Amino acid sequence: MKLFKYITIAFSSLFMCGCSDYLDNAPDDTLTMEMVFNDRTRTEDWLSGVYNRIPDNYWDLLKVWGYDSMGDDLDPSQRWYQWWGNSLNFIIGQWFTSSTWDAAIWSANPIRIRSAYLFIENAHALPDQGVSEAKIERMKDECRFLIAYYYWQMIEAYGSVPFFDGLADVNDPNLMRGQMPFDEMVDWIDAQLVDLSKKLPASYLNESTQFYGRATSIMCLAVRARMLLFAASPLVNGNEWYAGFKNYDGKFRFSQTYDPAKWKRAADANRELIEAAHAAGHDLVREYNADGSIDPFMSCYNVFFLRGDQNPEALFIRSDCNFSEFEKHATPRGASGNGGLGVYQTLVDAFAMKDGSLPITGYDGNYGKPIINKESGYTERGFSAQKDIRKTKYNLYRNCPGATVDSVGADGCTYNQVAASGTYNMYVGREPRFYASINFNGQQWRGRQLEFWQGGKDGINVSKVDYCCTGYLLRKTADEGVDVINGKGGMKEASILFRVGSLYLDYAEALNEAEGPVDDVYKYVDAIRKRAGLPGLAKGLDKDKMRERIQHERQIELAFEAGHRYFDCHRWKIAEKTDNGYMHGMNITATNKVDYSKRSTVGDSRVFEKKHYLFPIPQSEMDKQIGLVQSPYWE
């Protein structure tokens, strides 16, 4: 995705002043609108500039926007504070109306929205340069999609924002307007996306690779379906916390009463997306063993390592990403990585056993002593005497001395070990997604076993800022073949923001809330579980029990992805429980693996208050006195 580098027009100035006024007073060497839109390359690059508020699912959402590091599954090292101040401040409650946020959604999104409107107003066909009227119309529709998407990003974070349906006129007496109510914004965005889904192509697979990552009808339906799921959720659907809360014009910012019809609307939108996605060739990534059974290890791994335009699961991608920086932080310290993307114990506990049973059923107190499901076979005592061998081509232990690698069974299938003998029993016999998602003590990484205890190659180093603070390191989405030492980067070329796996769970959640645990709810949750090597859910669950199972499945399947966990905990109104207090991991200050293998409180205490469910409007904007009303509880 090329950035818009060569035009000297200041977008921030254009947002609040007339375009003609700016150009009339521009220096002689500044490009005019006519010069830009009479040239094919400049026109296309302008459009590229409009696209660049689509976040990178790796580095942007991890560090710049911070959604993935602000959730309760990932723990960036607090020693990164000087570089990660934004998101780390949020985690410990040091967030104020005057705080800066690197994502800059409030200020940056309107600039891109105005840029999109300028394109719509000024772009035209250039027949002598091979730019047809049909191509221009499609590019304008792409801008309309981006306008809707960027407004959705804003209300997802802030609840409601000032809204302009077109270019703002400097002479408009309502230019300095306050926010539009959340539901009105949702309805406008919904209408735009439905209309565009009938105009944009479902894919660009038969066209030039220059269209890789460009807006499609599937992307329109994907953003719409996710937005309507959020809009139906407890945070903004009749939430009593926001009762009586009004915008400057006296309108309620959020609906004051719960509306169950919103769940049906969300379910219908997700069902429509599923049908359209399937018709366009989208499906879950599935890899198979020689006997025709699903290989869940390779299936879950390849969701993120099939190129986006060849990945049937990808619905909405950004065509480039800063994966190399992400990879450095996910690579263990002993392999010359920054190795500080820790994973909390609560997520480790949530992964099922290989038969689908849950190892932990709850905690004694606030995430205190775990309540172990003894029937699952799970234990937190001792170390395994045998290697954990599974039917899979997933070769975790490549180049490890004494590992069982690429053995072929009598059934013709490949078998590999996923945990070595001598592994702490907590990590043995778990479901495939556990081994594809979590690096734990004793797990393999590029030919050696990881050592997260103090003095181990990947453990605490008091003179360094880079080490894992929880005793677990993120593995999901990390390239098994990366070699930071020798400068071999990851193989990512794109980042996936919406995929079929999340769509199935979105639909199941909305449908369960609208109709209860009907057949389609089981169908789509079980499709995810089957791909992950697990049995289907038990029949006969009621609506509440099914809700619990769907929320649990989302926690596992969507961990560390696209801000899912952050926004799930917010829209379900549970973040004050999940994101508060001290978190847990293993005893990383121990000097051997036996003492290390004990649960321990880790890191700084997290702080989450009711006001944190929505971001505060920047104080600098409030000081302008332009009809804005601060987000709830931030006054």
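What is the mean pLDDT of the protein? The mean is 87, and 88% of the residues reach 70 or more, where pLDDT is the predictor's confidence in each residue, from 0 to 100. This is a predicted model, in which local features need pLDDT of at least 70 and side-chain atom pairs count only at pLDDT 80 or more, while totals for chains, interfaces and linings use all residues. Residues are numbered from 1 along each chain as its sequence is written, and side-chain values use heavy atoms, with hydrogens and water left out.

Begin by selecting residues 1–28. Here pLDDT stays under 50, and the model has 59 contacts (heavy atoms within 4.5 Å) beyond four places in sequence for this stretch.

Next, select helix H9 (residues 133–158) and helix H10 (residues 182–197), whose axes, lines fitted to C-alpha atoms over the stretch in contact, come within 10 Å and cross at roughly 155 degrees. H9 and H10 are therefore roughly antiparallel to each other, a term for angles over 145 degrees between N-to-C directions, on a scale from 0 to 180. Among the residues that meet are Phe145, Tyr151 and Trp152 in H9 and Phe182, Trp188 and Leu196 in H10.

Then move to helix H18 (residues 519–531). At 1.5 Å a residue, its 13 residues should span 18 Å, and its end C-alpha atoms are 18 Å apart, which agrees.

Finally, select Gly533, which follows H18 and has a positive phi, near 80 degrees.

How values were computed:
Helices (H or I, at least four residues) and strands (E, at least two) are DSSP runs, numbered from the N terminus. The expected span of a helix is 1.5 Å times one less than its number of residues. Angles under 35 degrees count as roughly parallel, over 145 as roughly antiparallel, 65 to 115 as roughly perpendicular and the rest as oblique.
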